[in-house]
Amino acid sequence: MILAVFIGVLLLLQGASPFTNKQCIRNNDDRRLRELAAEPRAGIGQALLNVALKSPVWAYVLVPQARASIVKTAEENDIPWTKAKTWLKSHKGAPWNDEHRRVEVESEAEYPEYYRRSFHAYEDGNLSYDAAIEQELASRSIGARNFPAYGERGEDVFRDAFDIGLSKLGAQVKSNDDGSAMVVDFGCGTGTSTRRLAKQYPGATRLVGIDLSPYFIDVGTTLLKLAPNAVGIGEDGQEGWITSIDADDRIDLRQGDVARTGLPDDSVSVVNLSLVMHELPVSAAKDVVDEAFRILQPGGQMWISEMDFESPAYAAQRENAMLFSLLRATEPYLDEYADSMEEMREYITELFGELKITAATGRHYALIATKLSREDKGEGVIEDTRFKPDGSYGLDDTHLRPWESKQTDIRK
């Protein structure tokens with residue numbers, strides 16, 4: 001009760017109405033929301049809210065509730081979170097059950113300062129086996145929120161939406177003169193996006209996934225070795241992972257900094273960044289883009305799939321002080337990312353020479369930057385097809401409302 005009153009006071013200090021979000025969507029005032037997207041929260045109310053989210057109340061009350069909500073969303077959408085997690089954690093040959101490996105992984109890598117922050121409600125951020133083991137589980141749950149009509153297949157439809165957007169923009173894996181075609185997946189996590197790229201592009205001769213977290217790489221490498229069936233499929237019946245995984249010798253998952261890959265200049269066909277940029281401060285994001293440009297061959301492409309805070313759905317969410325502060329508490333660079341979207345587009349265009357961007361979902365975009373030669377680059381070209389001629393966003397928003405864990409029949 002005290003917490004509820006405190007939050008209410010903070011919202012009043014912020015000048016935020018609990019009905020603002022719904023009203024903006026009802027009025028479909030997209031232009032107004034696009035302007036609001038560039039306005040970060042400030043003032044004494046936000047300052048007090050930030051203090052509250054750094055307090056034990058956040059760590060010991062709200063975080064467990066948030067985690068329980070994600071698990072609930074998964075289980076209610078037939079995503080076997082508990083069974084799959086138990087199966088993977090208990091695997092005897094896994095690195096997280098090897099004390100020597102646990103000691104080794106805790107001391108072997110150096111990390112940029114920005115990466116040591118708490119992420120996704122994990123105190124150690126991405127530097128723990130708990131976060132790594134739960135990444136794909138959480139992704140399936142979030143997919144069910146993005147496309148609730150598809151339930152446990154929501155993540156597949158969500159990622160399909162980016163593929164459709166990239167295809168519309170002219171995505172291609174161009175071979176080198178020797179016939180090789182390397183795709184590098186920046187910030188690959190446990191390799192979900194890397195495995196997906198391998199299936200989509202059988203002509204790619206090598207797929208390298210790079211992530212700063214050795215914990216995520218350990219989980220991803222283990223899953224590739226196990227090549228498990230999904231729960232309920234195959235000889236093991238009720239044991240397995242949340243998805244079926246095929247072994248693929250072309251895939252190489254490695255720990256490393258994507259801003260310093262060590263790969264040769266002009267050697268890569270495609271650099272992919274799937275939901276990575278919003279987790280970086282602007283300075284780090286520019287370093288990553290620079291590295292992508294360096295290793296791409298002339299005519300090579302950088303693909304970005306990301307959140308769009310210029311969409312009305314995310315703009316409305318950002319306008320809601322409490323809702324966005326809760327989200328930002330698990331994503332420390334979200335404000336910086338939202339404020340720098342236009343700056344980053346201009347930076348990429350100046351470097352690469354050509355940028356195309358389109359709506360992938362009602363609140364996400366797909367982007368392709370092509371590395372042009374100096375002669376072809378000119379002043380740089382941006383082709384932005386996210387918005388319709390009337391200023392509304394190109395696609396409808398399908399995301400569940402914050403208090404929902406499963407789509408309900410609106411006819412009832």
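Analyst: Helices (H or I, at least four residues) and strands (E, at least two) are DSSP runs, numbered from the N terminus. The model is predicted: local features need pLDDT of at least 70, side-chain atom pairs count only at 80 or more, and totals for chains, interfaces and linings use all residues. Residues count from 1 along each chain as its sequence is written, and side-chain values use heavy atoms, without hydrogens or water.

User: Which residue comes just after helix 11, and what is its phi?

Analyst: That's Ala227, with a positive phi of about 40 degrees. Helix 16 is followed by Gly353, whose phi is also positive, near 105 degrees.

User: How many residues of helix 11 are buried?

Analyst: Buried means under 20% relative accessible area with a 1.4 Å probe, protein chains only. In helix 11 that's 10 of 13 residues, so the rest of the structure largely encloses this helix. Among the buried ones are Tyr215, Phe216 and Asp218. Their cover, counted by contact (heavy atoms within 4.5 Å), includes helix 8 (129–146) and strand 3 (251–255).

User: Where do the buried residues of helix 16 fall?

Analyst: The buried set is Met341, Met344, Arg345, Ile348, Thr349, Leu351 and Phe352. Down the axis they fall within an arc of 165 degrees, so they line one face of helix 16; the arc uses directions from the helix axis to the C-beta atoms.

User: What does the side chain of Glu279 join in a polar contact?

Analyst: A polar contact pairs N or O atoms within 3.5 Å, and within protein one must be able to donate a hydrogen and the other to accept it; residues adjacent in sequence count only if both atoms are side-chain atoms. Glu279's side chain makes one of 2.7 Å with the side chain of His120.

Methods:
Buried < 20%, exposed > 50% of the residue type's maximum accessible area, 1.4 Å probe, protein only.
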